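Here's a quick briefing to read with the model open next to you. Take it one topic at a time and try to spot each item as you go.

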Amino acid sequence: MAVGQNVLRKEGHEKLTGAARYIDDIALDGMLYGKTIRSRVPRGRIKSITFDPDYDWSRIVVADYRDIPGNNYVALIENDQPLLAETEVRHSEEPILLIAAESKHEAEIAARHIRIEYEEAPPVLTIEDALKGDQIIHGSDNIFKSFLIARGDVDEAFKQADLIVEGEYRVPHQEQLYIEPQGMIAIPGDDTMTVMGSMQCPYYVHKALKHVFNLSDEQVIVIQTTTGGGFGGKEEYPSMIAAHAALLAHKAKRPVKIIYDRAEDIAATPKRHPGVIRHRTGVTKEGRLVASEIDIVFDGGAYATLSSVVLSRGAIHALGPYRCDNVRITARAVATNTPPNGAFRGFGAPQVTFAYEMQMEKIGEKVGMDSVEIRRINMLREGDITATGQKLTWSVGSEEVLNAAVERSDFLSKIQQASLQNGRAGSPRSQEKRRGVGLSFFFHGAGFTGSGEAKMKAQAGVEITPEGHARILSGSTEIGQGTRTIFCQIVADELGLGCDDVEIEEPDTSRVPDSGPTVASRTCMVVGRVVQMAAREVKEKLRRFVAERYGEADVKLIENRFVANGKDLASFGAIARAYLDLHGELRAYARYANPPGIEWDDETYSGDAYPVFSWGAIVAEVEVDPTTWEVAVTKITTAQDIGRAINPILAEGQIEGGTLQAVGYGVLEELVWNRGRIVNNQLTNYIIPTSLDAPEIETIIVEKEYPHGPFGAKGVGELPMDGAAPAIAAAVYDATGAFVPEIPITPERLLAAIEARERA
Amino acid sequence: MKFSFQINGAEREIDAPPMKRLLDALREDLRLTGTKEGCGEGECGACSVIVDGEVINSCLVPVCQTQGAKIITVEGLARDGRLDPLQQAFLECGGAQCGICTPGMLIAARVLLDTNPHPARDEIKEAIAGNLCRCTGYVKIIDAIEQTAKTV
């Protein structure tokens with residue numbers, strides 16, 4: 001069996017020797033270097049564009065919106081984002097012009113000789129500005145999208161509650177900070193356009209290019225090159241860069257490369273949505289939740305892009321993994337004159353998780369229950385109903401993960417020790433480092449939300465090569481998370497082959513089908529399942545072939561041998577080759593369908609939001625310096641139920657990596673804005689965790705198998721991002737007595753909270 | 001101007017402007033693209049190479065400063081098709097995910113083990129603190145370096 005084994009990373013050798021080719025490693029003959037000229041004002045009209053008459057423009061290719069052969073938008077959910085601004089600019093990184101030159105340096109120099117003048121309008125820069133509505137920049141109310149999730153009788157239930165707990169929580173922008181900046185190369189053909197580059201979703205890029213150039217499916221070819229991290233940041237923006245490079249290539253009739261430097265990448269590409277989340281919870285004196293009212297506002301930025309789906313996921317996860325029969329969740333995404341926010345691992349869930357877990361800490365304290373008990377009595381278990389009315393019928397690892405994290409970390413005795421040491425009620429102003437410990441408990445729905453997967457019907461295939469190997473055909477991309485390796489493991493076991501006998505086709509839209517985007521913790525659980533079904537279909541064809549050939553009725557594939565009635569007939573390889581000799585090819589495709597009984601109603605926003613959830617619990621330990629108020633996260637113990645771990649080392653890698661991104665979210669990472677522009681768009685002052693900031697991370701994988709996942713697997717990609725920030729905030733509260741309802745908990749923010757507490 | 005140095009054991013000469021970044025000389029003039037650019041300002045360490053036994057950020061060093069130096073890049077770690085024990089350990093422990101920080105990480109780790117063959121875990125963390133990784137949480141990178149030190 002390959003599944004469950006730590007099979008070595010399929011593309012590991014090339015990544016370790018420097019042989020792997022990322023987009024910036026590729027240079028083509030006659031290639032030009034493109035650059036994007038952007039708005040420098042957050043809102044206004046373009047008055048004039050002046051090209052310095054003393055500069056030699058004969059060497060430079062310039063493109064603007066008038067050069068677009070098709071539609072001037074980046075196709076996504078709503079086609080509202082222009083590829084290049086025409087007259088109006090809505091944020092200060094909005095692309096206006098494109099230029100290409102023989103070298104990157106020359107393009108940089110040419111860019112300095114272009115002058116754009118604007119007639120500025122007052123910008124909307126914050127959620128508060130957008131809601132106030134003094135300036136309307138979208139529709140009639142600045143709201144891109146709103147949702148209501150309602151269940152039970154909330155108003156009546158509040159009357160019955162013994163206690164009402166309120167809280168307001170704030171979460172910031174966060175930058176994905178993949179270490180490989182974004183980049184693309186476009187190669188024009190006579191009537192085709194080929195684009196290759198760093199991306200998560202080749203078919204998103206494919207669709208965007210078709211719309212921009214009015215080309216057919218076959219005329220656009222998109223190829224993913226080795227991709228140096230994505231985390232959501234390479235979900236949708238690569239479509240923009242690809243179309244920019246392609247437009248220049250189309251005009252120049254030469255290949256064009258666009259590689260963002262780090263400053264441009266941080267400034268212009270999408271971030272995690274910042275948000276304000278308010279909770280009002282009705283609780284019995286025994287600590288049971290009886291009524292919950294939650295209001296979510298996310299800042300979508302200047303265009304709708306993915307905000308509606310980020311908001312949807314946020315709303316569905318907003319109550320957390322808890323039982324409450326009377327719920328009203330309102331959610332809005334607002335427009336501001338800032339670069340559009342988008343996908344980042346967790347996709348709305350980390351924001352609401354911070355809020356509901358901080359609220360849970362508050363509720364526990366108000367009713368006098370410890371962090372574990374308040375969660376234990378309210379947690380969702382098998383058979384329980386979620387906020388959208390979904391009955392949880394399988395693979396619910398809630399209790400297991402909470403118990404495992406609490407026991408392994410020795411949480412209860414640590415929290416007692418910390419409380420004794422710190423004397424919560426006493427003065428926090430001693431010079432000794434203060435230790436604290438905090439808990440969080442969370443869940444994450446895998447796959448697209450609601451009816452997304454049912455509509456998408458993701459496709460994948462498996463074919464047999466002339467050598468008798470299996471080859472996987474899928475548009476799912478390897479972005480470091482291990483797609484290639486786990487897909488090969490799944491197919492190897494389905495066909496009884498060794499992993500070395502399974503190949504995987506490059507993600508090239510002319511060669512692989514659309515498996516849907518590589519997002520939403522769906523690659524293993526959803527596409528992995530489709531890959532497994534395709535392999536099963538190949539097996540079935542071969543089985544029937546053997547049955548006919550040997551005149552046997554009951555043929556089975558055991559290991560890699562076909563057998564019937566105890567007789568060994570032939571090897572997989574021999575039969576595969578015989579089949580190919582006769583039929584020329586052997587290939588099968590499969591499509592995803594939801595498990596039976598999964599129903600979602602888009603009208604009422606109720607039903608089975610996801611076919612299954614993954615579950616997690618985290619215990620965070622911190623040390624707070626009482627002089628500088630720096631928070632050091634020293635240890636994370638986490639238990640995560642991800643169903644069957646196809647490759648435990650890769651799964652642990654997902655959990656550890658996601659956890660550290662969440663540590664950054666909780667205490668370090670802060671974007672600083674000035675008039676709609678990020679001013680710390682460099683690694684010198686946008687601080688992500690180094691090895692010295694990283695806590696020791698102890699991971700416990702809980703495997704509550706999901707009957708409809710490949711070999712029982714669920715999603716793992718995003719869950720690890722959800723829970724660390726509130727656990728850290730709870731630990732800081734434990735250490736200092738300061739309840740900080742806003743992340744990141746920087747020294748400045750913690751000091752302010754401590755001073756506020758002292759004044760009170 | 002002409003500059004010569006020893007790269008991965010071979011004598012090489014290039015003709016480049018003296019202030020050209022060593023990173024660009026490696027990637028463009030010598031087509032050694034294993035060395036990566038992540039930030040261009042010496043923060044991420046993806047461009048780390050070994051110059052005369054020390055780890056440097058090749059995005060911050062002009063090529064004129066490396067005249068006559070001995071330079072090792074990630075392409076120079078494997079010998080005769082056999083992986084360096086560090087590369088093997090990264091493969092086995094899961095130390096590489098997206099792979100973009102990996103060349104720099106391996107370079108920093110190689111210099112650590114060359115100068116301190118049996119480092120403590122804290123010393124390993126210190127040695128790779130100039131190399132950012134966004135995928136792994138560093139756990140399996142540190143494991144891989146530790147495993148190499150134990151087995152070699």
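Predicted model: local features only at pLDDT ≥ 70, side-chain atom pairs only at ≥ 80, totals over all residues.

**Chain B: size and packing**
- Along the principal axes, the C-alpha atoms of chain B fill a box of roughly 45 × 30 × 25 Å.
- Of the 152 residues in chain B, 56% are buried.
- Now look at contacts in chain B with a separation of 6 or more: 58% of them link residues 24 or more positions apart.

**Chain A: an open sheet**
- Over in chain A, 4 strands make an open sheet with mixed pairing, in the order β16-β26-β27-β30.
- β16 (434-445) and β30 (696-702) of chain A stand at the edges with a single partner strand each, so one side of each has no neighbour in the sheet.
- From one strand to the next, the twist averages 15°.

**Chain A: a strand pair and a helix**
- β16(A) pairs with β26(A) (residues 613-624) in the antiparallel sense, over 12 bridges.
- To find one bridge, look for His444(A), whose partner in β26(A) is Ser614(A).
- Helix α19(A) (residues 724-736) packs on this sheet and touches β16, β26 and β27 (631-641) of chain A.
- The direction of α19(A) makes about 155° with that of β16(A).

Key. Residues numbered from 1 in each chain as written. Chains lettered and ligands numbered in written order. Buried ≥ 20, exposed ≤ 12 C-beta atoms within 10 Å, placed from the backbone. Contact = placed C-beta atoms within 7 Å. Pairing = 2+ DSSP bridges. Helix = DSSP H or I, 4+ residues; strand = E, 2+ residues; numbered from the N terminus. Axes fitted to C-alpha atoms, helices over the stretch in contact; angles between N-to-C directions.
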